[in-house]
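Have the structure open and follow the points in order.

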Amino acid sequence: MSDSPAPEEASAPKTSGTFWRSVGQSLKGEHHDYTSEPLGKAVLLLAVPMVLEMVMESLFAISDVFWVSHLGKDAVAVVGLTESIMTLIYAVAIGISIAATAIVSRRIGENDPDKASHSAGQIVLAGLGISAGIGIVLGWFAPQILRGMGADEGIVAMGSDFARVMLGGNTTVFLIFLINAIFRGAGDAVIAMRTLWLANGLNIVLGPCFIFGWGPFPEMGVTGAAVATNIGRGIGVIYQLWHLTGHHSRIRVLPRHFFPDREVLATLMSKAGSGIAQLLISTTSWVGLFKILALFGSSALAGYTIAIRIVIFALMPAMGLSNAGATLVGQNLGAEKPDRAEAAIRMATKYNTLFLGIVGLLFIALSGPLVGLFTHEPDVHAFGTRALWVVSLAFPLYAAGMCLEGAFNGAGDTWTPTRLNLFCLWLGQVPLAWLLSMPLGFGPTGVFIAVPVSFSALAVWSWVLFRRGKWKLQKV
């Protein structure tokens with residue numbers, strides 16, 4: 001395997017005029033053949049809308065905690081604890097989304113749009129059933145879940161309704177993840193971008209209205225943030241379904257595509273099973289970190305929650321480049337062009353590492369002022385600043401790791417990232433966080449240190465496996 005792709009394949013647009021024309025094309029929603037476009041242009045056409053899609057998700061994460069922080073550290077702790085449980089739901093949704101992107105992109109690469117549409121219908125059907133079951137169970141037991149996470153009775157009283165709305169209404173975020181994965185797999189990245197801009201734009205506008213009772217809206221406190229989130233996401237799902245049923249999308253799902261197909265559902269869940277395991281391992285490791293931090297009180301929880309929201313602000317756009325690489329891997333493997341798939345990931349990794357490296361340096365230098373935007377409580381500010389500084393140290397390796405795992409997932413090799421997450425996060429990050437924070441006496445700082453150490457190990461190991469190239473042989 002060569003260490004670098006052929007120059008003609010890897011070259012990005014060479015002039016500023018060509019670059020900006022490509023950016024303009026990427027935002028128009030035109031259909032392109034990503035298996036034959038010059039590779040640099042193909043990466044750009046997919047990456048621009050995917051990055052902008054994730055920018056809005058980042059803005060919402062920051063906006064949400066900004067307004068809630070005005071209600072005090074207990075309210076921020078409510079959001080942090082509930083979000084740590086929501087990450088389990090995200091894990092299931094994203095796990096299925098990984099399979100969705102791999103399957104749809106393969107069918108598009110094979111030039112079989114009807115099979116792609118049929119797969120999309122089955123993906124939506126599975127998402128509806130799974131999210132409804134999760135919502136009923138977790139919504140009902142929301143107070144008990146908060147107590148199980150180590151929350152005191154004051155936080156449980158304040159946060160039970162917030163948790164019920166978020167957990168019980170998870171279908172909105174579940175379907176947004178799944179349907180956007182379908183669009184990305186088909187190369188319709190602009191529709192996915194517009195969906196999140198619509199949904200999260202509404203979230204940002206409605207959040208303070210429901211939290212503080214502005215204008216005609218009821219004052220609902222922290223629960224208002226959950227209500228605004230589900231309204232925004234619900235409208236986003238309606239917009240997605242409008243496109244999915246034939247309006248300007250490369251995927252056109254007809255009523256017949258929604259009839260259960262045991263074979264397609266079995267293939268989906270087979271691939272999704274390892275994807276779900278992969279994300280569950282990753283996200284439950286975050287739950288483990290929150291559980292350890294809860295031992296040190298709400299100030300540590302609130303500070304870490306603020307820091308992680310700021311980190312997510314940077315990681316979400318970087319995930320856009322990773323998603324672009326995954327789509328190119330799936331489509332080019334479907335078109336039997338494995339070397340081009342590899343070249344796409346190398347290019348995405350290079351750009352992503354550069355981007356997050358610069359952002360990481362800025363976060364390290366400005367950690368105090370950035371956390372100060374969200375809290376004026378000295379103890380919360382101190383924990384948040386330290387967490388942001390420490391976690392930002394390994395940003396370039398986060399960038400590389402997410403692109404390399406995107407290559408495996410885009411190829412349908414979901415077991416490789418699953419094993420990596422198991423060894424580096426559950427068997428690495430969580431025990432290391434406990435060891436540093438408790439027996440070795442570093443306190444919450446020990447939890448913060450465990451994050452860059454474990455993700456750096458994951459990135460290095462991913463690179464070794466990527467170089468071996470077995471992911472190119474996957475069948476979907």
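1. A word on burial before we start: buried means under 20% relative accessible area, exposed means over 50%, and partly exposed is in between (1.4 Å probe, protein chains only). With a relative accessibility of 2%, Gln331 counts as buried. Gln331 sits in helix H12, where helices (H or I, at least four residues) are DSSP runs numbered from the N terminus.

2. Some ground rules. This is a predicted model, in which local features need pLDDT of at least 70, side-chain atom pairs count only at pLDDT 80 or more, and totals for chains, interfaces and linings use all residues. Residues are numbered from 1 along each chain as its sequence is written, and side-chain values use heavy atoms, with hydrogens and water left out.

3. What does Gln331 touch, leaving aside its neighbours within four places in sequence? Contact here means heavy atoms within 4.5 Å. The list is Tyr34, Thr35, Ser105, Ile108, Gly109, Gly185, Ala186 and Gly187.

4. Now the aromatics. A pair of aromatic rings is described by the distance of the centres and the angle of the planes. Rings of Phe, Tyr and Trp (its six-membered ring) pair if their centres lie within 6.5 Å; planes under 30 degrees apart are stacked, over 60 edge-to-face, and the rest tilted. The whole structure has 15 such pairs. One of them is Trp67 with Phe212, edge-to-face at 5.9 Å centre to centre and 70° between the planes. Trp67 is in helix H3 (residues 39-68) and Phe212 in helix H9 (residues 189-212), so this pair ties together parts 145 residues apart in sequence. Trp67 is partly exposed at 22%, and Phe212 is partly exposed at 23%.

5. Tyr304 and Phe448 are worth a look too: the ring centres are 5.7 Å apart and the planes at 5°, so the pair is stacked. Tyr304 belongs to helix H12 (residues 298-334) and Phe448 to helix H18, 144 residues apart. Tyr304 is buried, at 0% relative accessible area, and Phe448 is buried, also at 0%.

6. Back to Phe212. Together with Phe66, Trp67, Trp214 and Phe374, Phe212 forms one aromatic cluster. Leu71, in the loop between H3 and helix H4 (73-109), is 141 residues from Phe212 in sequence but 9.5 Å away in space, C-alpha to C-alpha. Leu71 is partly exposed, at 34%. Leaving aside neighbours within four places in sequence, Leu71 contacts Ile211, Phe212, Gly221 and Val222.

7. How do H16 and H18 pack? Helix H16 (residues 395-410) meets H18 at about 45°, with the axes 8 Å apart; axes are lines fitted to C-alpha atoms, for helices over the stretch in contact, and angles run from 0 to 180 degrees between N-to-C directions. That makes H16 oblique to H18 (under 35 degrees is roughly parallel, over 145 roughly antiparallel, 65 to 115 roughly perpendicular, and the rest oblique). The contact includes Leu397 and Phe408 of H16 and Val451 and Phe466 of H18. By class, its residues are 13 nonpolar, three polar and one charged (Ala, Val, Leu, Ile, Met, Phe, Trp, Tyr, Cys and Pro count as nonpolar, Asp, Glu, Lys and Arg as charged, and the others, Gly among them, as polar).

8. Finally, helix H13 (residues 338-365) packs on H18 (residues 444-468) at about 155°, with axes 12 Å apart. That makes H13 roughly antiparallel to H18. Glu342, Ile345 and Arg346 of H13 meet Trp463, Phe466 and Arg467 of H18. This contact has three nonpolar, no polar and three charged residues.

Methods. Helices (H or I, at least four residues) and strands (E, at least two) are DSSP runs, numbered from the N terminus.
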